[in-house]
Amino acid sequence: MVDVTEYFARTRLVPVVVLNDAAGAGPLADALVAGGLRTAEVTFRTDAAVAAIERMAEHPEMLVGAGTVVTPQQADEAVAAGARYIVSPGFSSRVVTHCLQLGIPVFPGVATATEIQMALDAGLDTVKFFPAGQLGGPASVKALAAPFRNVKFVPTGGVTTDNLADYLAIKAVLAVGGTWMVAPDLLEAGDWAEVTKRTAAAVAAAKG
Ligand code: 3PG
C-alpha cells in the first residue's frame with residue numbers, strides 16, 4: 001500500500017476537484033500529470049464523484065483520493081471506486097472510525113485545537129486545516145501547530161500559487177490543498193491546457 005502521507009510530503013500539493021461530469025475525469029488526470037502532479041482529491045460535492053474517481057483511478061500514475069466524505073457510506077463508495085485516501089471537511093468520528101476499520105488513510109478537517117485532540121484520540125496525526133485562509137492563514141497554522149508537535153497539517157481553503165509558499169515554509173505543514181489549479185470554470189470549459197499550466201506553476205512554486 002502506498003504511504004499517502006509520504007506521497008503528500010513529496011508532492012506537497014493536493015488539487016481539490018469538483019467535477020459535474022465524469023467525462024472530464026480522464027482528460028483531467030492527463031492534464032494534472034502533464035503539469036507534474038499525480039494526485040487529486042475528488043469531492044463528493046457532485047453526483048459525478050463516484051464515476052469521476054473510477055475514471056481518474058484508471059490512470060496508472062494517479063493516486064486518487066475522495067474529498068468531502070461526510071458519511072461512512074460515501075467512504076465505502078469511494079473505496080469501491082478506487083479511492084486510496086479519504087478527506088473530510090470536518091471531524092466525524094463515524095467516518096474516521098469506519099475508514100480505520102477499512103484500513104484506508106483518512107484526513108479529517110479540523111479548525112480548532114479541540115478537533116486536533118479528537119483526531120489524536122482517534123489515533124491520527126495528519127489533518128486537513130479548513131478553511132485555512134478564512135481561519136487566519138499561516139499564522140493560525142503556526143499557532144495551532146505549536147502545542148501539537150507531532151501533528152501534520154494540510155491547509156486547504158483560500159490557498160493559491162501566490163501564497164502556498166507561506167504555508168509550506170511551516171514545518172508542521174505536510175502539503176496544501178485547493179481548487180485553484182482545477183478551478184470549476186476550467187473543468188466546465190474543458191480547458192485542460194490551463195489546468196496543466198496552473199498545475200505546473202503551482203509545482204514550481206512549491207519547490208521554491
Ligand atoms: C475544499 O473543499 O477543500 C475547499 O473548498 C478548497 O478551497 P478553495 O476552493 O478555496 O481552494
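Two residues count as being in contact here if their C-beta atoms, placed from the backbone, lie within 7 Å. Keep that in mind as we walk through this predicted model. The protein chain has an average pLDDT of 97, and 100% of its residues score at least 70. For the model as a whole, ipTM is 0.91 and pTM is 0.97.

Let's begin with helices α3 and α4. The crossing of α3 past α4 is right-handed. On the α3 side, the contact is made by Val-50, Ile-53, Glu-54 and Ala-57, which meet Glu-77, Ala-78 and Ala-81 of α4. Sorted by class, these contact residues are 5 nonpolar and 2 charged, with no polar ones.

A second pair to look at is α2 (residues 25-35) with α10 (residues 192-207), packed at an angle of about 35° with axes 7 Å apart. Here too, α2 passes α10 in a right-handed crossing. From α2 come Pro-27, Leu-28, Ala-31, Leu-32, Ala-34 and Gly-35, facing Trp-192, Val-195, Thr-196, Thr-199, Ala-200 and Val-203 in α10. This contact has 9 nonpolar and 3 polar residues, and no charged ones.

Now for the ligand: which residues are the closest to it? They are Val-16, Thr-156, Gly-157, Gly-178 and Thr-179, out of 13 residues that surround the ligand. The shell comprises 9 polar and 4 nonpolar residues, with no charged residues.

Technical notes:
Residues are numbered from 1 along each chain as its sequence is written. This is a predicted model: local features need pLDDT of at least 70, side-chain atom pairs count only at pLDDT 80 or more; totals for chains, interfaces and linings use all residues. pLDDT is the predictor's confidence in each residue, from 0 to 100. A residue is near a molecule or strand if its C-beta atom, placed from the backbone, lies within 6 Å of it. Ala, Val, Leu, Ile, Met, Phe, Trp, Tyr, Cys and Pro count as nonpolar, Asp, Glu, Lys and Arg as charged, and the others, Gly among them, as polar. A crossing is left-handed if the near helix is turned anticlockwise from the far one by less than a right angle, and right-handed if clockwise. Helices (H or I, at least four residues) and strands (E, at least two) are DSSP runs, numbered from the N terminus. Axes are lines fitted to C-alpha atoms, for helices over the stretch in contact, and angles run from 0 to 180 degrees between N-to-C directions.
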